[in-house]
Amino acid sequence: MTYFEVILLLVLLGIGAHAAVRSMRRKRRRELRGRQAKEAQQAIPAIMAGELDPAFAVGPLGPDRERAEVVFVGGGAVLVPGSTSDFEAWLLAVLAKNARRMFEFGTCTGRTTYLWARNSPPDAIITTITLAAEHLDLYAADAADSPEDAAQARAESTFDEFLYSGTDVAHKVEQLFGDSKAFDESPHAGTMDLIFVDGSHAYSYVLSDSRKALRMIKPGGLILWHDYEGPGAGRGTDVALVELGRELPLRVIHGTRMVAYRAPRAPGE
């Protein structure tokens with residue numbers, strides 16, 4: 001083979017390799033578009049807060065003062081374990097104004113518990129559950145759970161004093177210590193006006209807590225989940241909520257990482 005034939009062969013091989021790379025890239029782009037289209041179909045639809053509850057209806061001056069004004073503890077850029085954003089915390093506080101029985105999966109620092117206790121009616125009861133720091137060995141991880149989700153859950157179960165502790169609304173709070181998978185929800189069946197699922201974000205826990213929440217919520221009551229980032233994010237919360245969204249009319253609240261479900265109202269309401 002002559003020198004020029006070798007050069008020609010190398011050029012042809014290079015052209016062929018370049019074409020193969022371009023073909024592979026096109027294939028990958030098609031696959032990516034297909035996955036994105038599938039994920040978009042699976043994504044939980046978004047709603048504005050005003051569509052969730054009349055308390056968030058906006059007029060010419062913004063939210064109605066009487067319905068939307070609350071006692072509030074903001075966080076801003078301060079990093080607090082397991083915390084909601086200020087907007088999310090405000091939504092939770094406003095919803096508590098008309099709720100008398102509330103349940104929270106995942107106490108963490110007790111910020112949501114405190115906001116609920118501070119803004120709810122005088123006869124309200126807030127029940128909240130967390131795994132005690134000395135009983136982290138009770139955490140029942142499943143084979144399908146992400147180790148990162150399990151580690152975060154344990155890291156947020158280190159508190160025995162909470163934001164509501166020692167306040168004049170602490171008497172409204174029923175603090176439970178234990179693993180939520182072992183929690184017996186049957187005494188609370190059909191009694192809760194408002195439930196917040198914000199415990200372990202591991203797949204098996206989100207499903208377990210959600211099933212219990214669905215049994216505890218009363219007709220017309222509201223369940224909220226925290227830390228949903230979308231079907232492509234891949235955390236336990238995301239996967240579990242996408243699955244639940246195939247069974248229930250779940251909605252993401254625009255501007256938040258919260259998902260909402262309103263239980264059907266009783267006939268005649």
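**View 1. Surroundings of Trp 116 in the predicted model**. Not counting residues up to four places away in sequence, Trp 116 touches Leu 92, Ala 96, Met 102, Phe 103, Glu 104, Ile 126, Leu 194, Ile 195 and Phe 196; contact means heavy atoms within 4.5 Å. This is a predicted model, in which local features need pLDDT of at least 70 and side-chain atom pairs count only at pLDDT 80 or more, while totals for chains, interfaces and linings use all residues. Residues are numbered from 1 along each chain as its sequence is written, and side-chain values use heavy atoms, with hydrogens and water left out.

**View 2. The largest nonpolar core**. Such a core is a set of buried Ala, Val, Leu, Ile, Met, Phe, Trp, Tyr and Cys residues joined through side-chain atoms within 4.5 Å. Among its 32 residues, Met 102, Trp 116, Leu 194, Leu 224 and Ile 253 touch the most other members. At least two residues each come from α2 (49-52), α4 (86-96), α5 (111-119), β7 (192-197) and β8 (217-225); α4 gives the largest share, 7 residues. Helices (H or I, at least four residues) and strands (E, at least two) are DSSP runs, numbered from the N terminus.

**View 3. Helix α6 (residues 147-155)**. Asp 149, Ala 150 and Ala 153 are its buried residues. They fall within an arc of 100 degrees seen down the axis of α6, so they line one face of the helix; the arc is that of the directions from the helix axis to the C-beta atoms. Pro 147 and Glu 148, on the other side, are exposed. Buried means under 20% relative accessible area, exposed over 50%, and partly exposed in between (1.4 Å probe, protein chains only). The cover over the buried residues includes α8 (236-245).
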